[in-house]
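Here's a quick briefing to read with the structure open beside you.

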Amino acid sequence: MGPSARAIAEQASFQAFLHGYLQEVDPGDWQTASQRTQDPTGRFSGPWVCELTLNSQRSRLAIDIVYRSALGRHRYGKVRQWLSGRHCWADIDPFQAMCLLARELYALSGGMVPELRKLRELEFLHRLTDSYGVMVRYVEHRRNDSRLLANRFIDSEQSLLFGHTAHPTPKSRQGMSEWQQHAYAPELTGRFQLHYFLVHRNCVLEDSDGPLPASAMAESLLQDSQASLNLPDNHALIPAHPLQAQWLMTQPGVLDAIAQGLIHPLGALGPEFSATSSVRTVYCEQAEWMLKFSIPVKVTNSLRVNKAHELKAGVVMSRLLRQTGFGEAEPGFRILQDPAYLTVMLPGLTESGFEVIFRNNPFPPGQDQGVISIAALTQDPLPGRNSRLLDLIEGLALNENRSLAAVSRDWFQQYLSCAIGPALRLYDEHGIALEAHQQNSLLDVSGGYPRCYYYRDNQGYYLSESLRGPLTEQCTDLKETPELFYRDAMIRDRFCYYLIVNQLFSVIARFGIDDLIPETLLIQQFRHFLHAEHSRLDGPAQALVKSLLEDSRLPYKGNLLTRVNDVDELNAELEMAVYTSIANPLRGDIRATPKGSTAALAVEVSHGVA
């Protein structure tokens with residue numbers, strides 16, 4: 001029968017939480033299981049045990065390590081706690097261990113007044129519990145669903161039952177009730193109509209880099225489903241997510257505009273859409289565009305709303321990227337553009353809540369097979385099943401009559417060629433870096449091997465300050481979006497974390513966890529790739545590659561520390577989370593203490609987004 005949905009979700013929650021704790025806070029004391037003489041080694045199933053000290057609680061935890069990763073992507077088994085009063089070890093549940101570690105985090109946090117510390121601890125425990133409970137429902141609902149391993153784009157988007165593998169609250173969905181989860185959460189595969197508002201054009205703000213204005217793009221969503229739109233003169237249609245529409249209908253400014261006849265709610269209309277993995281970006285197979293909405297929900301850390309500068313950024317970046325010609329030069333590397341937006345202007349508001357972004361949809365029926373996010377490709381499988389990557393490699397090895405290791409090396413090389421190399425060249429040649437983490441990264445593996453990479457996210461562009469002059473000369477609209485420019489030192493940190501630590505390391509670790517090929521061999525292969533790239537680079541990416549090869553430490557986004565400090569990174573200055581650093585595995589040192597160790601935690605947390 002296997003473990004219950006609750007047990008699966010509890011272990012997955014513990015996996016995500018402990019990953020952050022070991023990387024950002026305390027690397028622990030590592031011993032082989034045979035070295036432990038204080039308790040029976042038969043209690044542990046893995047070859048390693050990691051011990052964490054809980055100083056404020058005068059206790060310790062011993063975690064069974066069933067897989068030790070050179071990249072910190074370990075897999076954990078049972079947990080035991082040292083009971084000092086009884087002078088013995090006792091088994092505890094993973095959730096209990098998370099609560100003990102959370103208590104330790106806040107006991108170590110300096111610079112907070114006690115009342116604020118307690119409030120943040122309560123908020124953190126609430127999100128931890130919420131994420132765990134939501135995950136239980138998802139696993140219970142989907143564990144026998146064959147679509148979890150289907151190859152359609154939308155099926156893979158809706159298969160992420162465990163969420164962000166390096167986030168302590170990967171399925172926290174504050175603001176979305178249980179019935180709304182069933183209707184609008186991607187993991188529960190609901191389909192829904194959009195809501196529409198008829199708005200007087202004097203209140204409409206729009207822009208587009210495409211052949212059609214955004215308002216015409218919105219109308220086209222309904223043309224096949226409505227006999228005749230018969231829109232009154234000087235009015236435009238504004239689509240909205242159902243959750244967004246419910247929120248809008250409670251806002252005083254919107255209600256005033258309705259009373260004045262400037263806005264007319266039309267309700268649910270048109271074809272049905274499905275939520276993609278981001279929750280707020282929706283997809284309809286027949287529609288030419290995906291739509292990215294503002295919704296009144298905190299997903300992991302942040303309230304998911306479209307900011308005014310992000311609307312402009314999508315259009316401006318569409319123009320800039322088209323003018324660079326990079327798409328023609330790198331046909332295996334594609335960026336899903338966000339070339340248009342619509343919103344409503346209301347008195348005294350920078351954002352009214354109506355903001356909607358149009359994203360190109362290259363995955364209509366017939367072209368939606370085998371396009372999978374790297375997050376879905378590398379996600380831990382349900383008990384008794386294979387990961388998507390393992391199924392791919394085994395199928396290729398069987399068809400080609402070659403070893404798993406040989407196929408793995410070739411697959412990884414093709415992944416580097418279509419996903420990593422072009423991203424480095426885009427930054428080197430044009431000063432454009434991408435927030436290319438696992439969920440923002442899609443691979444076309446319809447033929448087994450990676451043949452095309454897709455990037456998505458208009459919030460994830462970083463333009464090099466050192467190239468502001470030539471970039472602005474190439475695209476004068478960049479004068480309207482100065483917030484897109486960053487110092488190269490900051491870009492290197494963010495780009496290194498998202499592209500390498502978050503995305504690429506997850507791929508390498510999946511190969512190792514699935515016992516396809518040792519991580520160390522792929523790390524060595526990646527080093528050879530970087531050496532070859534470095535010889536061809538002569539712009540800002542050259543320093544990034546040099547640091548990857550030579551620096552003892554790499555930047556690391558502290559999702560746990562960001563959450564502990566209750567930072568909404570999308571609303572923080574420069575959208576800054578808490579950053580720390582980890583030992584650089586490309587240098588071969590996997591035992592170095594992270595910068596965010598217990599000794600440094602008080603400084604890291606108290607300074608928040610510094």
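Of the 18 residues lining it, the ones closest to its centre are Gln 15, Arg 75, Thr 165, Thr 378 and Asp 380. Keep in mind that this is a predicted model.

**More on the cavities**

- Helices α1 and α15 each put at least two residues into the lining of the second largest cavity.
- Sorted by class, the lining of that second largest cavity has six nonpolar, eight polar and four charged residues.
- How many cavities of 30 Å³ or more are there? The count comes to three.
- The largest cavity has a volume of about 890 Å³. It is lined by 44 residues, and His 164, Arg 304, His 437, Gln 439 and Asn 440 are the closest to its centre.
- Strand β12 (289-293) and helix α15 each supply at least two residues of the largest cavity's lining, with α15 giving the most, at four residues.
- By class, the largest cavity's lining splits into twelve nonpolar, 19 polar and 13 charged residues.

**Arg 75, at the second largest cavity**

- Arg 75 is among the residues closest to the centre of the second largest cavity, and you'll find it in strand β4 (residues 75-83).
- Is Arg 75 buried or exposed? Its relative accessible area is 17%, under the 20% cut-off, so Arg 75 counts as buried.
- A polar atom of the Arg 75 side chain sits 3.2 Å from the backbone oxygen of Arg 73.
- Setting aside residues up to four places away in sequence, Arg 75 touches Gln 15, Asp 64, Ile 65, Val 66, Tyr 67, Asp 380, Arg 510 and Ile 513. Two names there, Gln 15 and Asp 380, also turn up in the list of residues closest to the centre of the second largest cavity.

**The largest pocket**

- For an open site, look at the largest pocket, which holds about 530 Å³ of space.
- Its lining is made of 25 residues, and Ser 318, Arg 322, Ile 335, Gln 337 and Asn 360 lie nearest the centre.
- Which elements each supply at least two residues of that lining? They include α9 (308-324), α10 (326-329) and β15 (333-336).
- Strand β15 gives the most to the pocket lining, with four residues.
- The pocket lining divides into twelve nonpolar, eight polar and five charged residues.

**Two glutamines**

- Gln 158 is in the loop between α4 (153-157) and β6 (173-174). Its relative accessible area is 5%, so Gln 158 is buried by the under-20% rule.
- The Gln 158 side chain has a polar atom 3.1 Å from the backbone oxygen of Ala 275.
- Gln 23, in helix α1 (residues 5-24), has a relative accessible area of 13% and is buried.

**Aromatic rings**

- The structure holds 26 aromatic pairs. One of them is Tyr 497 with Tyr 579, an edge-to-face pair at 6.2 Å centre to centre and 85° between the planes.
- That pair links distant parts of the chain: Tyr 497 is in helix α15 and Tyr 579 in strand β25 (residues 579-583), 82 residues apart.
- Both Tyr 497 and Tyr 579 are buried.
- Over in another group of rings, Phe 17, Tyr 21, Tyr 106 and Phe 124 form one aromatic cluster.

**Helix α17**

- Which residues of helix α17 (residues 541-550) are buried? They are Ala 541, Leu 544, Val 545, Ser 547, Leu 548 and Leu 549.
- An α-helix has 3.6 residues a turn, so residues three or four places apart point the same way.
- The cover over the buried residues of α17 includes α13 (404-430), α15 (488-513), α16 (519-536) and β24 (553-557).

Note on methods: Residues are numbered from 1 along each chain as its sequence is written. This is a predicted model: local features need pLDDT of at least 70, side-chain atom pairs count only at pLDDT 80 or more; totals for chains, interfaces and linings use all residues. Side-chain values use heavy atoms; hydrogens and water are left out. Buried means under 20% relative accessible area, exposed over 50%, partly exposed in between (1.4 Å probe, protein chains only). A polar contact is a pair of N or O atoms within 3.5 Å; within protein, one must be able to donate a hydrogen and the other to accept it, and residues adjacent in sequence count only if both atoms are side-chain atoms. Contact means heavy atoms within 4.5 Å. On a 1 Å grid over the protein atoms alone, a cavity is a set of points where a 1.4 Å probe fits but cannot get out, and a pocket is an open set with protein on both sides within 12 Å along at least five of seven lines; lining residues have an atom within 4 Å of a point. Grid points are joined across faces, edges and corners, and a volume is the space filled by probe spheres set on the points. Ala, Val, Leu, Ile, Met, Phe, Trp, Tyr, Cys and Pro count as nonpolar, Asp, Glu, Lys and Arg as charged, and the others, Gly among them, as polar. Rings of Phe, Tyr and Trp (its six-membered ring) pair if their centres lie within 6.5 Å; planes under 30 degrees apart count as stacked, over 60 as edge-to-face and the rest as tilted.
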